[in-house]
Amino acid sequence: MPKIRKRYAIPIGLLLAGVVGWFGVPWLVDLPEGLGGVDASPVLLDRHGEALHHLTLPDFTRSSPVDLESIPVELIDCTIAAEDKRFFDHGGIDLLATARAGRDWLRRGEAVSGASTITQQLVKLSSPPQPRTIRTKIHEALVARRLEMSLEKDRILESYLNRLDYGRLRLGPVEAARFYFQKPVAQLSLGECALLAGLPQAPSRLNPLEHPDRALRRREVVLDRLAAGGKYDESRISAARSEPLRLRPLAEEPVAPWLPEMVGGNVRTTLDANLQRGIETIVAEELEPLRDSNLRHIAVVVIDNPSGGILALVSSGDWNDPRGGRINGALAPRSPGSALKPFTYLMSFQNGRHPGSIIADIPTRFRTRQGLDAPENFDRSFQGPVTIRHALACSLNVPAMRELNRLGGSPPLSRLLAKLGVAIAPEADAGLGLTIGGAPVRLIDLTNAYATLARGGSHASVVLDPDREVEWERVFGETEAWLVADILADPTARAPAFGRGGPMELPFPCAAKTGTSSDFRDNWCLGFTARFTVGVWAGNFDNTPLKGLSGVAGAGPVFQRTMRALHEAREPEWPDRPAELVEVRIDPRSGKAVGPGAKHSVLEWVPQGAEPEPAAAADYDGAGRLYLDSSYAEWLESDFNRRRDEFAPRPELPVESPLRILAPRPGAVYVLDPELPNGGRLHLATNLPGLVEWSCETLELRDGDPEPAVLLKSGRHVLRATDPRSGETREIEIVVEEG
């Protein structure tokens, strides 16, 4: 009896040791911390949920984890055939494969075939890199056993597939299918599944883009093993073998390449992917023929007016251009040319003017910090009395500067633009030139200012995040906004300067305004319908000038095509006209109301209650020519006057001089010096001495002849001059510093 017990003791002991080793010892090791959920690469989405950018993880890989049920069974079968054909039969360690590998190693003295199961490979993929020693392999085997006792096979397989490296830093089958074939993983053919299943063995060596022959040979091996399993009939295997290698590698430059720098990861944006692609194509097509005009870059911003969301943005037109292609032109401050003029005239409407009000387009000298300046219009001519509608629609420079001067110079325009989010740097010091582009602005900001016009004065910052709460603020009224919009959408008023049928004209109501900076360095076209606002800038980031290219020819075609694209599937809308506006017939030479039978007359929109005074017979000579006061004398006698049958001089008419502050200059900085003999007294001066009423809330005024003085003290101070005849007020700000 003792002998029998001794005979069975060793086998039983070995059996018990095997059971303990197989089922017990694995619980002594810990599972890798990396076995948790697989990190997904951040994805930037458009407004409809379409992926725009698959960003990289910190290790520069891209991963899109997916559940096993979403992976085609063919890819699962091919992967198991390629990596671990007995996966569903073993417990984490393939004893047969291990024995075979050990035998081969003993025979040849080196590893000939691998024995790692999918479970062991998952342990390796989930653990920090370790030296490939016997100890490491034993530890991985024990962890694999514990994993098999902790998770179902399907979850192990799912975790493994989502961690597989398919080359080109693409992890998991979803990223592999997207990169190599540009298709969803569910749409892979059997041949494509076999190709992908073979790559993880050696992703670089088998890369089908660089080594297609190697990849195809590996595909044959996978299909051979799949056929040996007997699950697939020979016809399917044969069809998979004969599939040509149809790779469609994903472009490294996705739509809106600027986007990752402006937003974080995993966020839905306001962009419309299809619109973005379409506008990028438009820009590329329009850039090509203009290369000879030295135009290399175009930026575009499209805003959805009701929400303030950016629907599309093109940063430069050529992301790979070595001359600044990766600069974001929507964010780069550039001179806007005449594109700021609408806001000067908007202030005019706020101050009682209307589109039929008259401004003098005559040679005018303005005093600047550099001395006297005599600005010119684009065509270097002067047209005499013109309506605001004509001056704005035809983008005349001199009337805009005269009007800004009447309104108090650049400070009020700067303040209005600041409320609209268009920042003007203090050092720009553009003076009256601000209205014709004397200070740089950003395309995205100016486009949003135009969107505020489209919304009738309601302003909010633009957004890329549709979930961000938008804060609206009324900056100006609907009436003045609509009047500006009506002028910008008037092709007849624009025709004398721009002709008909050009890039600014569309088959539906659409406001449009161009801008061209000095020396043709910057080219703009901005405009809107009720629903959309589009801003286009064209130029060169290295600041080289374009070859005679104006905003109409450069930015205009992109603007027009973008507007057409926006309204292909959407009925165009136009802002509703405010009820307080009435239509009045005026003489466009004087701005006064006339009867329907007048020879010179046009219909104009005017706020109710602010109708112009009626024209009188004394306003005209016997030939029906309008009398002009002496301020027009130089123009009347010059070669610029091509309207001699419309006007006649009448020097005895008084000249209505608008109030102008001559001293101090806006923004002047004074330093108090105790040794100065005048005791810090600053004399004030206007063009109407003895008539103007001065005031200041922070400085003491002293009587003077003909105008008062102020006693200076440190700080910022606003000085106000008022013309008591009209109530017209001008403001300037000065700074006083201690010496």
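**View 1. Arg 218 is a buried residue in this predicted model.** Its relative accessibility is 8%, under the 20% limit, so Arg 218 counts as buried. Arg 218 forms a salt bridge with Glu 83. The closest N and O atoms of the two side chains are 4.0 Å apart. Arg 218 belongs to helix H9 (residues 212-228), while Glu 83 belongs to helix H2 (residues 73-83). The pair therefore ties together parts that are 135 residues apart in sequence. Side chains of opposite charge can pair when their charged atoms come close. The structure holds 40 salt bridges.

**View 2. Arg 389 and Glu 604 link distant parts of the chain.** Their side chains meet in a salt bridge, at 2.7 Å from N to O. Arg 389 sits in helix H14, and Glu 604 sits in strand S18 (residues 602-607). The two residues are 215 apart. Are Arg 389 and Glu 604 buried or exposed? Arg 389 has 10% relative accessibility and counts as buried. Glu 604 has 3% and also counts as buried.

**View 3. Five residues are linked in a network of salt bridges.** They are Arg 353, Glu 403, Arg 406, Glu 728 and Arg 730.

**View 4. Phe 179 and Tyr 180 form an edge-to-face aromatic pair.** A search of the whole structure finds eight aromatic pairs. In the pair of Phe 179 and Tyr 180, the rings are 5.0 Å apart, centre to centre. The angle between the planes is 80°. Phe 179 counts as buried, at 1% relative accessibility. Tyr 180 counts as buried too, at 0%.

**View 5. The rings of Phe 343 and Tyr 450 are also paired edge-to-face.** Their centres are 5.6 Å apart and their planes lie at 85°. Phe 343 comes from helix H13 (residues 341-350), and Tyr 450 comes from helix H17 (residues 443-454). The pair thus ties together parts that are 107 residues apart in sequence. Both Phe 343 and Tyr 450 are buried.

**View 6. Charged ends sit over the rings of Phe 87 and Tyr 627.** Over Phe 87 sits the charged end of Lys 153, 4.3 Å from the ring centre. Over Tyr 627 sits the charged end of Arg 650, 4.8 Å from the ring centre.

**View 7. The largest cavity has a volume of about 50 Å³.** The structure holds two cavities of 30 Å³ or more. Which elements give two or more residues to the lining of the largest cavity? They are helix H14 (388-393), helix H18 (478-488), helix H19 (491-498) and strand S14 (511-516). S14 gives the most, with three residues. Residues of the lining include Leu 392, Ile 487, Arg 494, Phe 498 and Lys 513. By class, the lining has seven nonpolar, one polar and two charged residues.

**View 8. The second largest cavity holds about 40 Å³ of space.** Its lining is made up of Arg 494, Phe 498, Gly 499, Gly 501, Gly 502, Met 504, Glu 505 and Val 552. Three of these residues are nonpolar, three are polar and two are charged.

Note on methods
Residues numbered from 1 in each chain as written. Predicted model: local features only at pLDDT ≥ 70, side-chain atom pairs only at ≥ 80, totals over all residues. Heavy atoms only, no water. 1 Å grid on protein atoms, 1.4 Å probe; cavity = no way out; pocket = protein on both sides within 12 Å on 5 of 7 lines; lining within 4 Å. Points joined across faces, edges and corners; volume = space filled by probe spheres on them. Helix = DSSP H or I, 4+ residues; strand = E, 2+ residues; numbered from the N terminus. Nonpolar A, V, L, I, M, F, W, Y, C, P; charged D, E, K, R; others polar. Phe/Tyr/Trp six-rings, centres within 6.5 Å; stacked < 30°, edge-to-face > 60°. Buried < 20%, exposed > 50% of the residue type's maximum accessible area, 1.4 Å probe, protein only. Lys NZ or Arg CZ within 6 Å of the ring centre and 35° of its normal.
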